Amino acid sequence: MNKETIRTGSQKGLLFGIVMIFLVLINFHIMAATMISKVLGTNVLRGAFPEVRFMIIFLVIFGMWAGWSAVRREGSTTNKLFEGLIGGMTTGLVVALFGLILFFLLETQTDVRRYLTALSFASIDIFLLGLRGMGILTLFGLFTLTGVLGGALAVGLRSQAVANFIKKIKTSIRNLRQRITDSLPDNVKKYGKYIFYLLLLVLLLLLPARWGSYNNFVFGMVGIYVILGIGLNIMLGLSGQFMIGIAALFAMGAYSVALLNSPFPHGLMWGFWPSLAVGVVMAVIGGLLLGLPIMRLRGDYLGIVTLGFGEIIRILLNSDLLTDLTGGPRGIQNIQQPTFLGMPFNDVSYAYLIIIAMAVSIFLYYRIENSRTGRAWLSIKEDALVSQATGVDVQKYKLLALCVGAAFAGLAGGIFAARNQFTGPNDHTLMVSINVLSVVIVGGINSIPGIILGSFALRGLPELLRELETYRLLVFGALLVFMMIVRPEGLWPASRPDLEEKGNTGLKEDLDPEENEGRSDD
Amino acid sequence: MTEIIIEAVKVSKYFGGLKAVNEVDLQIPKGSIYSIIGPNGAGKTTLFNCISGFYIPETGDILYYGTPIQGMPTNFIASQGISRTYQNVRLFGNLTAMENVLIGLHNKLRSNWLDAIMHSPRFTRENSWSMEEAVSLLDFVGLKGYGDFLASNLPYGMQRRLEIARALANKPRLLLLDEPTAGMNIQETTDLTHFIQRLRDELEISIILIEHDMKVVMGISDRITVLDYGTKIAEGSPDEIQSNPRVIEAYLGPGGAALAEKYRSQRRKNNA
């Protein structure tokens with residue numbers, strides 16, 4: 001026990017105390033208690049307050065966390081425990097002082113909700129554990145106790161014995177996996193990939209029919225974002241063009257399907273499939289027209305111009321000028337539903353359509369990426385000057401990338417408009433472009449599994465987190481920050497393919513790399 | 001008289017008021033190793049950039065097999081069979097060594113994105129051919145077994161050789177090497193010198209070389225041009241250049257020639 005111990009403990013405790021005050025002010029303690037009670041299987045009505053015992057669980061977790069983080073890495077065990085104690089005590093002190101204020105508010109029946117909207121009497125009451133004045137003391141005691149507990153936990157879990165134990169488990173898991181792969185017959189190993197794809201296919205065929213229209217809607221959105229992400233990845237990830245206006249290309253696909261396929265404003269009824277094709281073509285033309293003037297721009301400048309392009313398209317769609325043509329701000333309603341072999345579409349068929357479109361997009365992406373074209377794009381991204389001097393027609397390939405990427409965006413837009421039976425300028429805001437950009441970057445640039453994961457994480461999760469209501473975006477933002485710290489290269493980073501094997505066919509035996517070192521001439 | 005592969009006629013390149021290259025004439029005979037030397041800032045790399053199309057010369061012509069190529073885009077010049085390497089290695093660092101060489105093969109392939117989607121016969125044929133070609137090129141420069149390493153993860157000497165492999169993939173008739181031995185140790189430098197000679201003898205590539213290592217230059221050059229302040233001050237065989245007083249002054253400053261002569265006579269006396 002020394003000065004340092006007291007300093008670290010009280011600093012951390014203070015921090016956690018302040019965080020606790022903040023959480024109470026935004027009513028998060030109620031939220032957290034509700035979540036815990038849900039996890040433990042109690043049915044909580046919406047808007048109802050949780051029971052106090054769940055509140056206590058939340059406080060215990062929080063207090064232990066405070067104690068845990070107050071413990072430094074070095075120092076003796078007693079020191080560490082003491083740090084936990086000080087941390088918990090400081091947190092408790094801060095929280096108790098805050099509780100005292102709240103208690104006075106409660107006693108005098110002062111309503112502060114005009115300034116702090118979340119701070120209702122019921123909320124204060126629950127925070128004081130329903131004990132009113134005694135609650136303050138209880139809070140202090142609780143935090144002190146849990147602080148020590150957290151410290152003890154930290155001492156225990158960070159000890160050498162535990163580290164060794166974890167290591168042992170890891171090695172045994174690895175050994176087990178190795179043994180399983182070794183024991184599998186060669187056929188299974190060889191066709192394992194195909195078996196996996198088959199299982200995936202069966203899953204994708206069964207799921208949409210089973211799990212209800214809400215899930216179909218959510219995962220349809222995920223699929224549309226996967227297609228958009230692939231389109232953007234061709235521009236951004238492969239050819240290195242910083243495109244922010246992909247919503248404009250998305251809008252071109254969506255509006256083509258909408259205008260050619262709805263009673264208003266033009267009364268054209270071309271049917272879904274031809275208009276989808278037109279949508280793709282329109283998006284490609286859009287990409288080409290956008291590409292021509294921006295060929296010489298690079299990096300941030302390109303980003304700014306494409307951002308402007310996206311906004312121009314949206315504003316045009318919103319403007320009075322084009323109201324007769326595009327329906328103006330009200331958008332286009334009653335888009336005719338597609339039929340397939342005479343059968344009308346429902347949510348399940350849309351799910352299948354999106355899965356097929358996604359599969360086709362992924363297939364096309366892989367085919368193009370692993371080709372002369374894909375490598376030319378990658379070289380442009382790496383170093384456009386050298387790429388050109390190596391023989392790549394940089395301008396042509398950049399335009400090609402914009403057009404191919406735009407085709408995917410148009411496809412996604414067409415499906416999107418038809419599925420919603422409506423599209424308007426608000427479906428094509430800057431947020432769409434930014435969302436697609438984050439899907440690609442968070443998931444992992446140039447990585448299809450990454451883009452799929454990213455779409456799930458950024459589009460699927462917020463929908464599924466809808467139960468958390470107001471805290472949806474808070475949790476979501478925290479997840480994003482956490483992810484960017486833990487996995488800065490994306491959820492599933494890309495790796496370059498191993499190609500040397502493929503070219504080795506016509507040659508003699510392999511040389512050992514070590515043996516080969518230093519043989520620059522022979 | 002041997003055929004001239006590339007010829008510079010009174011080529012000048014200015015940067016603002018600075019005459020980086022000033023009315024330089026060059027004639028490179030086919031199948032030769034031709035060195036361009038000179039102190040730092042003499043305009044050697046600028047001249048290279050004019051030949052490979054990075055810069056458009058203000059005046060003068062660059063004739064490749066008698067046809068002017070100045071002002072053409074760099075990819076066109078590359079497609080004509082002129083490849084180059086860079087003073088500070090410029091590989092596609094996040095791609096593997098194989099991919100770097102495959103991009104070098106770009107001009108030798110014709111399959112487009114539609115072929116890639118359909119896996120047309122042309123694509124399949126070219127794909128397997130290019131893979132084999134890339135591996136044999138890696139083998140040729142001594143990088144066999146390193147094909148799947150990221151270019152930026154390779155050691156420096158290997159990066160230099162990979163850059164040459166990428167340049168060779170283009171099947172060049174003229175290869176521009178910009179300080180290929182910079183940053184190499186003695187052993188690597190000797191290896192590379194032999195390698196350059198092999199390029200000329202086995203692949204019949206004409207080579208223009210910018211180099212500061214005089215041992216390399218004097219050892220393998222057929223002819224040498226010396227630039228100073230953008231102007232050509234001497235041209236000739238290695239022996240002629242070594243004894244040229246203007247060259248010595250350019251390197252050692254005024255009076256350098258006399259100084260060199262003094263050391264030379266001293267050495268002769270010691271040897272005797």
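Me: Why are α3(B) and α6(B) called roughly parallel to each other?

Reply: Happy to show you. In this predicted model, helix α3 (residues 97-104) of chain B and helix α6 (residues 156-169) of chain B pack at an angle of about 30 degrees. Angles under 35 degrees count as roughly parallel, over 145 as roughly antiparallel, 65 to 115 as roughly perpendicular and the rest as oblique. The pair is therefore roughly parallel. The axes are 7 Å apart; they are lines fitted to C-alpha atoms over the stretch in contact, with angles from 0 to 180 degrees between N-to-C directions.

Me: What makes the contact of α3(B) with α6(B)?

Reply: From α3(B) come Ala97(B), Asn100(B), Val101(B), Ile103(B) and Gly104(B), and they meet Leu162(B), Ala165(B), Arg166(B), Ala167(B) and Ala169(B) of α6(B). Residues are in contact if their C-beta atoms, placed from the backbone, lie within 7 Å. By class there are seven nonpolar, two polar and one charged. Nonpolar covers Ala, Val, Leu, Ile, Met, Phe, Trp, Tyr, Cys and Pro, charged covers Asp, Glu, Lys and Arg, and the others, Gly among them, are polar.

Me: Before we go on, how should I read the labels and the cut-offs for confidence?

Reply: Residues are numbered from 1 along each chain as its sequence is written, while chains are lettered from A and ligands numbered from 1 in the order in which they are written. As the model is predicted, local features need pLDDT of at least 70 and side-chain atom pairs count only at pLDDT 80 or more, whereas totals for chains, interfaces and linings use all residues.

Me: Why is Gln109(A) called exposed?

Reply: Gln109(A) has 7 other C-beta atoms within 10 Å. The scale, with C-beta atoms placed from the backbone, calls a residue exposed at 12 or fewer such neighbours, buried at 20 or more, and partly exposed in between, so Gln109(A) is exposed. This residue sits in the loop between α4 (77-107) and α5 (121-127) of chain A, and its phi is positive, near 55 degrees, in a residue other than glycine.

Me: How do you know which class His119(B) belongs to?

Reply: His119(B) has 13 C-beta neighbours inside 10 Å and therefore counts as partly exposed. Its loop lies between α4 (113-118) and α5 (121-140) of chain B, and its phi of about 50 degrees is positive although it is not a glycine.

Me: How do you know that the span of α18(A) agrees with its number of residues?

Reply: Helix α18 (residues 430-443) of chain A has 14 residues. The expected span is 1.5 Å times one less than the number of residues, which comes to 20 Å here, and the end C-alpha atoms are 20 Å apart, so the two agree. Its buried residues include Val432(A), Val436(A) and Val440(A). Gly444(A) follows, with a positive phi near 130 degrees.

Me: What do α3(A)'s buried residues pack against?

Reply: They pack against α1 (3-25), α2 (28-39), α4, α5 and α6 (133-157) of chain A. Among them are Phe54(A), Phe58(A) and Trp68(A).

Technical notes
Helix = DSSP H or I, 4+ residues; strand = E, 2+ residues; numbered from the N terminus. Contact = placed C-beta atoms within 7 Å.
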